[in-house]
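My notes follow in the order I worked.

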Amino acid sequence: MKWRIWGLGIPVVLFVGLGPITARCDGVGNAITITVDENGGSSPHIPFSISPDPGPGGLSSVLTYNLAALGLTTTQGDVLFNSPSDPGILFGGDVFRFNGTTLVVYSDVVGGDGFDSLGDTFAPPFALYGNTITVQEVGGDANNFALYTPAPGQPGFVAGETVTYKFISDGTVVPEAGSLLLLGSGLLGVAGWRRLRHLRS
């Protein structure tokens, strides 16, 4: 549906009924990049909730991303963070857990950080999957992250896909350019609709 904003002389396309935008890429040579942070931010957008963790030794209330919304089923296991700022912390500090169709975040609260994000937990999981891998955090204190591309059998592996995860443990996900364009188009459409109503009244 197109609307012309009178007085501006530019057509605006209103996007109506768009379904979820996913990162699903099938076929040989295609790749998926999934970025998640410890505060419910993700790119592409992944629905999240605060839910009990069904994995071994899980806590009663953890930040949980629903990977099924992207059509992904992953190999179960735990990704442990090796953080230079938190040496010797049990399980390496942060833990990102793959439970098949969900991704659970256990963000550490050591070093006086306090509970400042949805993923912060009072403790790491009380037990781990037998399938674990340790990744190295990089970046400064306000922008710590780890990049991880699982091989077959490793936590987070998706059969038939090449998936790279960017786990942001400090900082937030920057929205995708497409999401910003969609938001901008929607705001422009609303402004045009209001202007049109004003002119007609």
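**Entry 1: a residue in the sheet**

I listed the contacts of V79, leaving out residues up to four places away in sequence, and found D94, V95, F96, F98, I133, V135, Y148, P155 and F167. I note here that the model is a predicted one. I then looked up where V79 sits, and it lies in strand β7, which covers residues 77-82.

Is V79 buried or exposed? I read a relative accessible area of 0% for V79, so it counts as buried, the cut-off being under 20%. I also checked the pair V79 and G156: the two are 77 residues apart in sequence, but their C-alpha atoms are 8.5 Å apart in space.

**Entry 2: the sheet around β7**

I traced the strand order next. The open sheet has 6 strands, ordered β5-β6-β9-β8-β7-β10, and its pairing is mixed. At the edges I found β5 (48-51) and β10 (132-136), each of which pairs on one side only. From one strand to the next, the twist averages 25°.

For L80 I looked up the bridge partner in β10, and it is T134.

I picked I50, which is found in strand β5.

Not counting residues up to four places away in sequence, I50 touches S61, V62, L63 and L118. I followed up on L118: it is 68 residues from I50 in sequence, and the C-alpha to C-alpha distance is 7.9 Å.

I turned to β3, residues 31-37. Why do I call this strand largely enclosed by the rest of the structure? I do so because 5 of its 7 residues are buried.

I then looked up what β3 pairs with. One partner is strand β12 (residues 162-168), in the parallel sense, over 7 bridges. Within that pairing I noted T33 opposite T164 of β12.

Strand β4 (residues 42-43) also joins β3, here through 2 bridges and with the strands running antiparallel. I found S42 in β4 as the bridge partner of V36. β3 and β4 make a hairpin with 4 residues between them. In the turn I checked G40, which has a positive phi of about 90°.

Technical notes. Residues numbered from 1 in each chain as written. Predicted model: local features only at pLDDT ≥ 70, side-chain atom pairs only at ≥ 80, totals over all residues. Heavy atoms only, no water. Buried < 20%, exposed > 50% of the residue type's maximum accessible area, 1.4 Å probe, protein only. Contact = heavy atoms within 4.5 Å. Pairing = 2+ DSSP bridges. Axes fitted to C-alpha atoms, helices over the stretch in contact; angles between N-to-C directions.
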